[in-house]
Amino acid sequence: MKPAPFKYHDPQSLSELVDLTSMLEDAKILAGGQSLMPMMNMRFVTPEDVIDINKIEELNFIKLSDDAIDIGAMTVQRELLSSSSIQTIAPILNEALAYVGHFQTRNRGTIGGSLCHLDPAAELPALASLYDAQMVVHNKNGQRVIPFDEWSFAYMMPCLAPEDVLVSLSFPKWKLNHGYSFVEFARRHGDFAICAAGVLIELDKNDEISKVAITIAGADVKPIRLKAFELDIIGQKVNEDLIRSAVEEVKKIETMSDAYYSSSYRKRLAGTLVERALIKALERAGGPT
Amino acid sequence: MVDQRNIDVNVNGKSYSGAVETRFSLADFLRENLGLTGTHLGCEHGVCGACTVLVDGEAIRACLMLGVQANGKHITTIEGLADGNNLHPVQEAFWKNHGLQCGYCTPGFLTTLVAFLRENPDPNEEEIREAISGNICRCTGYQNIVAAAKAAAEVLRAK
């Protein structure tokens, strides 16, 4: 239960960091360490080099613009939870972050670390999927932006090359009085969820849906957005039939199976959670502004 | 080749300077380099909470942070809670309420509750249970730990 020997690097700036990632062949980036450290302790990963990015101040920020919230990859979960601007503009982040681990792990765990670790049931990737977050990635040759849709390459694997570094995430703003809800089910509080569901919803002056996003985490290897269904229900009023059709829609998704929970259980659970999240989000959705 | 770094840390008010192997967790550094064996290691992957210490006042898992990352920081371990022979109010409350049996998890509970009660001096039972949900005790069933947390909160508020 001790990490295998590695060489430790602690770059002080983003440019030093991308110099290192372009040179080192078997390196792991150490963000908050709440996932990488257990994996190194158990020797699931044994990198030759560990690049600790905790000293790079320019990766730690929460910036508001007219149409988005930009969050630096090294912003710790505690800071997100205590940010009053996030509380007003994207309250679902608060609701979901309360499920992330425990307060001791939220004191170190970062948003970028969670997105790069990419656990299928993790809350932060689910939020990025819900918001169609833009992932800002740097390497020695410059910057590129990856939409979250294209972020997951495979199980727990973002589409990053070894020289790439996630620098920040951009969450587009929704109307101030949008409805939202994040719900999940886990056997113990703080454990990874078996399944989670998130909903964002905007209503127009006739109480008809003008914008909606529905995401399910934990059901498959990456968060699932119900995009076709979302498009279908634009312009509709939310009533029992619509909620029932959402649950039917969830039955069509691919779900995974593991030693503990079968795919059919996950599918049923996902349906229940989507139903709960839709109802709650609707309660919270205000009229047009 | 052993990869080492020199670090300066302040632990329980005392300054230490010295080399640490970079793969050592903060918990291993405290236990093996400084001989502060009050910080216990249960699971070594962030689940049990036994190794919780305060870094610059914040409760963290000492098994999920490298010792080298503590450079320049102030650390409080279980050894630093009491004031000489006077127990910290949280320690006193655990003793009076029988909040421990074997004691293995206790350092983690105490450091966790010290940090929690500083931020939330008047918690209700639900909040206390949530605060300690990241710490595992296999002896007591948590009843007396919750009672101790309540009692400690009262004493700390009166201070």
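1. Axes here are lines fitted to C-alpha atoms, for helices over the stretch in contact, and angles run from 0 to 180 degrees between N-to-C directions. Helices (H or I, at least four residues) and strands (E, at least two) are DSSP runs, numbered from the N terminus. With these terms, helix H2 and helix H5 (residues 143–158) of chain B pack at an angle of about 140°, their axes 8 Å apart. That makes H2(B) oblique to H5(B); angles under 35 degrees count as roughly parallel, over 145 as roughly antiparallel, 65 to 115 as roughly perpendicular and the rest as oblique.

2. A note on the source. This is a predicted model, in which local features need pLDDT of at least 70, side-chain atom pairs count only at pLDDT 80 or more, and totals for chains, interfaces and linings use all residues. Residues are numbered from 1 along each chain as its sequence is written, while chains are lettered from A and ligands numbered from 1 in the order in which they are written.

3. On confidence: chain B averages a pLDDT (the predictor's confidence in each residue, from 0 to 100) of 97, and 100% of the residues score at least 70. For the complex, the predictor gives an ipTM of 0.95 and a pTM of 0.95.

4. Back to the helix pair. H2(B) passes H5(B) in a right-handed crossing; a crossing is left-handed if the near helix is turned anticlockwise from the far one by less than a right angle, and right-handed if clockwise. H2(B) contributes B:Pro89, B:Val90, B:Ala93, B:Phe94 and B:Lys96 to the contact, and H5(B) contributes B:Ala148, B:Ala151, B:Ala152, B:Val155 and B:Leu156. Two residues are in contact if their C-beta atoms, placed from the backbone, lie within 7 Å. By class, this contact has nine nonpolar, no polar and one charged residue. Ala, Val, Leu, Ile, Met, Phe, Trp, Tyr, Cys and Pro count as nonpolar, Asp, Glu, Lys and Arg as charged, and the others, Gly among them, as polar.

5. H2 (residues 89–96) of chain B also meets helix H3 (residues 106–119) of chain B, where the axes come within 9 Å and cross at roughly 130°. That makes H2(B) oblique to H3(B), and the crossing is right-handed. B:Val90, B:Gln91 and B:Phe94 in H2(B) meet B:Thr106, B:Leu110, B:Leu113 and B:Val114 in H3(B). The classes here are five nonpolar, two polar and no charged residues.

6. Chain B is assigned domain 1 (4–80) and domain 2 (89–158); such bounds come from an automatic or database domain assignment. The C-alpha centres of the two domains lie 22 Å apart, and 14 residues of domain 1 are in contact with 12 residues of domain 2. On the domain 1 side, strand S3 (52–55) and strand S4 (58–61) of chain B give two or more residues. S3(B) supplies the largest share, three residues.

7. Chain A is divided into domain 1 (7–50), domain 2 (60–172) and domain 3 (179–284). The C-alpha centres of domain 2 and domain 3 of chain A lie 20 Å apart. Their contact takes 19 residues from domain 2 and 18 residues from domain 3.

8. Between the chains, 23 residues of chain A are in contact with 23 residues of chain B. The chain A side has nine nonpolar, 10 polar and four charged residues.
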